[in-house]
Amino acid sequence: MAAEKQFENKIKAELHRREAWRVKFFANSFTPAGIPDVLACYKGQFLGIEVKGGSSYGLTELQKYNLRLIRRAGGIGICVYPSGWQQFLDVLDRLDAGKSVEITDENYILK
C-alpha cells in the first residue's frame with residue numbers, strides 16, 4: 001500500500017504543479033464505491049484517475065464501470081500504474097497543447 005500512496009502523491013504533485021484542480025476522493029460508508037482515487041479538472045477536461053501501485057491488484061468491475069462512465073460522458077477515465085507514468089504525462093502534455101486525448105475501453109490502463 002505504501003508504494004501506491006507514494007505514486008498517488010506523485011500524480012497529485014504533478015497535477016498541482018500544472019495548476020489543475022484536483023481532489024483525493026476518500027471512500028467511506030457514506031460514499032459510493034468504485035469512485036476513482038483522484039478527481040481532477042485540467043485544461044477544461046475532467047479526469048478520473050484510479051491509481052495502482054507496483055504490486056496492486058487489478059481493477060474491480062465497479063472501478064472499470066465508473067471509469068467507462070467517465071469516458072462515455074466525455075471525460076478521461078484512466079487507471080495509472082507506475083510503469084505508465086510517461087503515458088500519463090503524455091496525456092497531460094496533449095491537453096497542454098490543446099490536442100484531443102483518445103482514451104477508449106481498450107487503452108484506458110496506462111502501464
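In this predicted model, the charged end of Arg-71 sits over the ring of Tyr-108, at 4.2 Å from the ring centre. A further charge placed over a ring is that of Lys-111, which lies over the face of Tyr-81, 4.7 Å from the ring centre.

Arg-71 belongs to the buried residues of helix 2, together with Gln-63, Asn-66, Leu-67 and Ile-70. These residues lie on the same side of helix 2, because the arc they cover around the axis is only 140 degrees. Glu-61 and Arg-72 are exposed and are carried by the face of helix 2 turned away from the buried side. Strand 3 (45–51) and strand 4 (76–80) are among the elements that cover the buried residues. Helix 2 itself runs over residues 61–72, and its 12 residues reach 16 Å from the first C-alpha to the last, close to the 16 Å expected at 1.5 Å a residue. Gly-74 follows helix 2 and has a positive phi, near 100 degrees.

The largest nonpolar core comprises 27 residues. Those with the most contacts inside this core are Ile-11, Leu-15, Ile-49, Ile-76, Ile-78, Val-80 and Phe-88. At least two core residues come from each of helix 1 (2–17), strand 2 (38–42), strand 3, strand 4 and helix 3 (85–96). Helix 3 gives the most, with 6 residues. When neighbours within four places in sequence are left aside, Ile-11 is in contact with Ile-49, Val-51, Val-80, Trp-85 and Phe-88.

Trp-85, Phe-88, Leu-89, Val-91, Leu-92 and Leu-95 are the buried residues of helix 3. Their arc around the axis is only 150 degrees, so they lie on the same side of helix 3. The cover over these residues includes helix 1, strand 2, strand 3, strand 4 and strand 5 (109–110). Just after helix 3, Gly-98 has a positive phi of about 75 degrees.

The count of aromatic pairs comes to 2. Phe-7 and Trp-85 form an edge-to-face pair, with 6.0 Å between the centres and 70 degrees between the planes. This pair links distant parts of the chain, as Phe-7 is in helix 1 and Trp-85 in helix 3, 78 residues apart. Both residues are buried. The rings of Trp-85 and Phe-88 have centres 5.7 Å apart and planes at 40 degrees, so this pair is tilted. Trp-85 and Phe-88 are 3 residues apart within helix 3, about one turn of the helix.

Notes:
Residues are numbered from 1 along each chain as its sequence is written. This is a predicted model: local features need pLDDT of at least 70, side-chain atom pairs count only at pLDDT 80 or more; totals for chains, interfaces and linings use all residues. Side-chain values use heavy atoms; hydrogens and water are left out. Helices (H or I, at least four residues) and strands (E, at least two) are DSSP runs, numbered from the N terminus. The expected span of a helix is 1.5 Å times one less than its number of residues. Buried means under 20% relative accessible area, exposed over 50%, partly exposed in between (1.4 Å probe, protein chains only). The arc is that of the directions from the helix axis to the C-beta atoms. Contact means heavy atoms within 4.5 Å. A nonpolar core is a set of buried Ala, Val, Leu, Ile, Met, Phe, Trp, Tyr and Cys residues joined through side-chain atoms within 4.5 Å. Rings of Phe, Tyr and Trp (its six-membered ring) pair if their centres lie within 6.5 Å; planes under 30 degrees apart count as stacked, over 60 as edge-to-face and the rest as tilted. A charge sits over a ring if NZ of Lys or CZ of Arg is within 6 Å of the ring centre and within 35 degrees of the ring normal.
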